[in-house]
Amino acid sequence: KKKARESCSLPESSWEERLANAVTPLWRLPYQEQLQVKYESQRKVLQTLASRLEELGTDAQKPGGLCCPLQPVVPSSIINGYRNKSTFSVNRGPDGNPKTVGLYVGTGRERNIVCVKANHVENIPSKHKQVAQCYEEFISRSPLDSCILFHEGGHWRELVVRTTSCGHTMAIITFHPQELGQEALATQKALLKEFFTCGPGAVCALTSLYFQESTMTRCSHEQSPYQLLHGAPHIFEKLLGLKFRISPDAFFQVNTAGAEVLYQAVGELCQATGDTVLLDICCGTGTIGLSLAHRVSKVIGVEVVEKAIEDAEWNAAFNGISNCEFHSGKAEAVLPQLLASWEDARPLVAVVNPSRAGLHYRVVRAIRNCRSIRRLLYISCKPEGEAMRNFLELCCPPDPRKKLAGEPFAPVLAIPFDMFPHTVHCELVLLFTR
């Protein structure tokens, strides 16, 4: 530990160190030790699942008290600067500057939030840091205040930066309009565009510059459209030999190189044959389904973000893939309808990749009650959270009160993938069969 500290360039207990500890808590550890920490945390998840399932009356205990065998953590090929998407906040910095662009130390509940520049954070690429620095320069020159608390006024808010291995960079700036009229808004948009195309921000060489007027913390394109101020409407990424189009709010795994390894493994675990139908739930821009389309007879994707579905359909057409269909809408509304009338005799394999909130109960119920689904891959970035509830609903004995009538699934294999080096998180792939 002492050696690790000596090799660090951050001053002890500095704001930079506090931010590094908050955002990348494992940054001091050699990478092999990081993987060991993550392996142990996934072991605990599987032990918890085993004991919870035992309480429900299922035969879940395996050697080591786990619910199924756990493979070693698959490492990330890129350890530093791997993120293809970063979200920067605007708030008061350690020096009191209310126009600091960075990441938070502290919590809203404790009322001790400080916004610290992320120049030294190891998982953020230098391009993202460069755009954040330019945005800070722009708003520091602006006569308009930053919007720290909605009810106190101010305008300048978040910055999202997305990059791809093709060399594309997208910046999305969130702005609270408050009482500004259309003319004043148009002026701010023109100034932003000028700064990033002709001014000091031109050094960022943005592929796309977006602006969103938002009166909420987080806002979808449907609630408040992303306005393209400059450049191309999309950026593009290559993955497993395919080209993917990415919209401002479309989901894409934050570690592209890691996603390739993850999706290849998912393909193997699906054990798909030429007559398999693959159900890709929470499909985003269609990356999983499209990367496996050549192995199966058909892919059906479901995704709540409408623009992501437009991207998925474009991705399928551009890559010459014709055996995919995509459904836009909440999975809990689309899936029960889709599966209730399912009469296709072909084997049906489901892959689910939900957010940290897990799957809606109606989605789990639809999967559980569809007899054709014998194999299910659950990809979770937070298996100890809401996903645990999903695991229990999938595997518990039939429960007429909860309308869980179908035969229960059983966990048979767990593989963690380190998609987030320096953090405590990893992506757990759990294979369920029945």
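This is a short exchange about a predicted model and how its features are called.

Trainee: What makes Arg28 and Glu17 a salt bridge?
Mentor: The closest N and O atoms are 2.2 Å apart. The cut-off is 4 Å between a side-chain nitrogen of Lys or Arg and a carboxyl oxygen of Asp or Glu. The pair is within it, so it is called a salt bridge.

Trainee: Where do the two residues of that pair lie?
Mentor: Arg28 is in the loop between helix 2 (15-23) and helix 3 (31-55). Glu17 is in helix 2. They are 11 residues apart, and the pair links distant parts of the chain.

Trainee: Why can such side chains pair?
Mentor: Opposite charges can pair when the charged atoms come close.

Trainee: How many salt bridges does the whole structure have, by that rule?
Mentor: The search finds 15. Across the interface of domain 1 and domain 2, the rule finds 0.

Trainee: Which residues make up the two domains?
Mentor: Domain 1 is 85-234 and domain 2 is 255-433. Their centres, taken over C-alpha atoms, are separated by 33 Å.

Trainee: How do you know that domain 1 and domain 2 are in contact?
Mentor: Contact needs heavy atoms within 4.5 Å. By that test, 5 residues of domain 1 are in contact with 6 residues of domain 2. So the two domains do touch.

Trainee: What do domain 1 and domain 2 bury between them?
Mentor: About 420 Å², with 54% of it on carbon and sulfur atoms. On the side of domain 1 that touches domain 2, the residues are 3 polar, 2 charged and no nonpolar. The count of residue pairs in polar contact between the domains is 1, both residues at pLDDT 80 or more.

Trainee: Where does the methyltransferase label come from?
Mentor: UniProt lists "domain: Methyltransferase" for residues 275-338, in an unreviewed entry. Over that stretch the chain is 42% helix and 25% strand. Its end C-alpha atoms are 19 Å apart.

How values were computed
Residues numbered from 1 in each chain as written. Predicted model: local features only at pLDDT ≥ 70, side-chain atom pairs only at ≥ 80, totals over all residues. Heavy atoms only, no water. Domains from an automatic or database assignment. Buried area = accessible area lost by both parts, 1.4 Å probe. Polar contact = N/O pair within 3.5 Å; in protein donor to acceptor, adjacent residues only side chain to side chain. Nonpolar A, V, L, I, M, F, W, Y, C, P; charged D, E, K, R; others polar. UniProt positions renumbered as here; feature names shortened; annotations may be inferred. Helix = DSSP H or I, 4+ residues; strand = E, 2+ residues; numbered from the N terminus.
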